Amino acid sequence: ERRGPRDRFVPAALLVAFALAGAALGAGGRRDVDADCRLRLPEGARITIRGVLGANARPVLRDGRPRSPRVPVEILELREGRRLVRGCGGEVAVRMPRDAAPMRAGTEVVVRGAWARYPAPDGPTRWPRNPAYAGIVEAREVAVRAPPDLAAHPLLTLRGRSEAHLHHVFPRHGALADALLLGRREGLDRELTDRFAQSGLVHLLAISGGHVALIATALMLLGSMLRRGRREVTWSTLVLVAVYLAVIGAPASAVRSGIMVGLGLVGILLQRPSAMLPVVAASALAILAFQPTAVLDPGFQLSFAGVLGIMLLRWPMMRHVPDGWKKHPAARWTLESLVVSVAAFVATAPVTAYHFGQVAPVSIVANLPAVPLTSLALVGVVVSALVEPVVPPLGRMFADGTGLALDLLDAVARYAAAVPGGHRAVEPPQGWLWAAVAVVVLLALDAGAKMRSAVRWTVATGAACAAFVGLPAVAASTDAGALEIHFIDVGQGDAVAIRTPAGRWILVDAGPRDEGFDAGERRVLPFLRSRGAERVEALVLTHPHADHVGGAPAVLGALPVGRVIDPGLPAGTPWYLDALRAAEARRVPWSEAREGRTLALDGVVVEFLWPRPGSLDFVADANKISAVIRVRYRDFSALLTGDAGDEEEAAILARNPELRAQLLKAGHHGSRTSTSAALLDAVRPALVVVSAGRRNRYGHPAPETLRRLEARGIPVARTDREGTVSVRVPAGGGGWERMEP
């Protein structure tokens, strides 16, 4: 049948209409994000929030020590100083005071504290930033305005009661049960979260499509066991699933599954067959119609990528499995599970690499036991929670069995995380590369239109692989032989990443760590992974203070490190001891930083100028033995002074009168007792970099230091204002330049 112009016009018009509607919704979402008060609050602003707790606030254990809880608070009213901020809604994270009494979700509170902005992501982006990750309130006072009220805040109050009940039924596994059923991960131990992330099973700790589908199936089976009518059971299931999604906060992945389940059940009621791809498209359209910026959420992307990967890849893969392998039920189940796991991994790996800088191929095998265990545990959690109030002994028996399933799930994650090569840091894929590969595939398919299908797809796949390998190599060749020095924005601390001309990395310090923020995990590792770093040749720890060595354990645990170099001051600070333990666990060689020693790598010479042998005797202040290094590459030099003060600077100048360098890192974050006039006159830098946190409590950089720099006309780059500061020295030297962030 021939199609006329009218038949071709209608689909094209619909596509254009959808595109225009999407553009309008996206523009509106961008406008709403830009106007959100959470993105406009200045660093350090004194704010007062009247709001409602979104989760139970109880002290949590991290690394075996009690920590201040971090909880979400839904904003009812926000004041900056005495000024009421109009139109400020949504949710904000609050770090509760150490002495705050435990409170349940649904409690109306008044929070007074300071606003701490999260560092902006490295690299330029045109995407709007999610206001939920704009910052956190460091609360100094929290007052209860009203206890949880089911009438005033029904969903949050139900969430709080459910969370408290789960911790009562599962005293040992409460946090894990809470994560599986309610999606609350604040109370999880960091080591457990790391195990699940490294094994590729972290998706099991979030409310995903499988959770919702399993709960809906259980409700349908329960209704059938109670001999209720099909329509009654179906509509009851739809209502209960909707209430469940609302109580847990309606994450995008769970909403996607809820919509798909709902459409499937409605199709059954109407006796209408439904195709899966339109159902997935309808669920995406429904979510984006109400929240256009959800498309930027990693959970949204991973959820849809996973389900589409399974739908599109499962059947073609199973078709190529020999029929003899499918005859036995156990073999067929194993093959089906393996194929589904492979399909989900292939589809989600690019998203995981882009957002998190790592992939875990071991998850393909780990999912085989982990997914059934998660399903069993989730059913057990629900049954135990429902039965325990009615028949306590029976509920505790179910809880004990569920605890065994949770322990087995944790054991799977532990063994999978320990598999050599099971998880790997990767460079996040770049948009231009994916676009170029897509064009190559389409051109290859078009050119091979007359070939057999198998041959055509083989040619297209080979072209795609060649493009993936070849295009990045061509792009990287433009930087061959260049030295890069990056002063990473880690807040109030130091972390300097040096990339040699051959693409190898040296890291000087790793930023701070406290109970709520690990710069090594949150800033240094993502920075290194985004630039393709798979190994750190040398980790230099200038001195054992938390703002310099706090992030070192995260780096040592995630990337191979060739050597650790530090002054070796016998300091018992927990951050320094954690770094030493991490190095010992990985069997990383250790060397002492001493004047006169050098490290040469790919034409780059790292020369230690301080501390002097014997200077560690009777030192009360670790800053006085802070390692000072000079980085030389051809005719370029950079001087990194750590936290050394003016006395140490004078001692260095006495032994190194020729200390000329184009780049100088201000000592001790720009404090008034460092970066002295004598040092500036000797070094005569063309640029001084100050690594300091936004509105830090120390007042760094000090006005006296800034005046000394201004009097000499020396340009200043500050991480607290500009973010990460990067410098590039081209191959062969002959100048240097600031790199775009």
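Guide: Two strands pair if DSSP finds at least two bridges between them. Strands (E, at least two residues) and helices (H or I, at least four) are DSSP runs, numbered from the N terminus.

Guide: This is a predicted model, where local features need pLDDT of at least 70, side-chain atom pairs count only at pLDDT 80 or more, and totals for chains, interfaces and linings use all residues. Residues are numbered from 1 along each chain as its sequence is written, and side-chain values use heavy atoms, without hydrogens or water.

Visitor: In what sense do β19 and β20 pair?

Guide: Antiparallel, over five bridges, with β20 at residues 636-640. Y633 has F636 in β20 as its bridge partner. The two strands make a hairpin with two residues between them. In that turn, R634 has a positive phi of about 55°.

Visitor: Which strand has V631, opposite V606?

Guide: V631 is in β19. Strand β18 (604-610) also pairs with β19 in the antiparallel sense, over five bridges.

Visitor: Is β19 mostly covered or uncovered?

Guide: Buried means under 20% relative accessible area, exposed over 50%, and partly exposed in between (1.4 Å probe, protein chains only). Strand β19 (628-633) is mostly covered, with five of its six residues buried.

Visitor: Which residues touch the most other members of the largest nonpolar core?

Guide: Such a core is a set of buried Ala, Val, Leu, Ile, Met, Phe, Trp, Tyr and Cys residues joined through side-chain atoms within 4.5 Å. The largest has 42 residues, and L166, F170, L181, F196, L201 and L245 touch the most other members. Elements giving two or more residues to this core include α3 (154-169), α7 (230-247) and α13 (392-417). Apart from it lies another core of 35 residues, among them A495 and V588.

Visitor: What does L166 touch?

Guide: Contact means heavy atoms within 4.5 Å. Leaving out residues up to four places away in sequence, L166 touches G174, A177, D178, L181, L182, V381 and A385.

Visitor: How many salt bridges does the structure hold?

Guide: A salt bridge puts a side-chain nitrogen of Lys or Arg within 4 Å of a carboxyl oxygen of Asp or Glu. The structure holds 29. One joins D407 and R172 (2.9 Å, N to O). D407 lies in helix α13 and R172 in the loop between α3 and α4, so the pair ties together parts 235 residues apart in sequence. D407 is partly exposed at 30% relative accessibility, while R172 is exposed at 61%.

Visitor: Are D720 and R718 buried or exposed?

Guide: Both are buried. They form a salt bridge, with the closest N and O atoms 2.8 Å apart. Elsewhere, a network of salt bridges links R50, E108 and R145.
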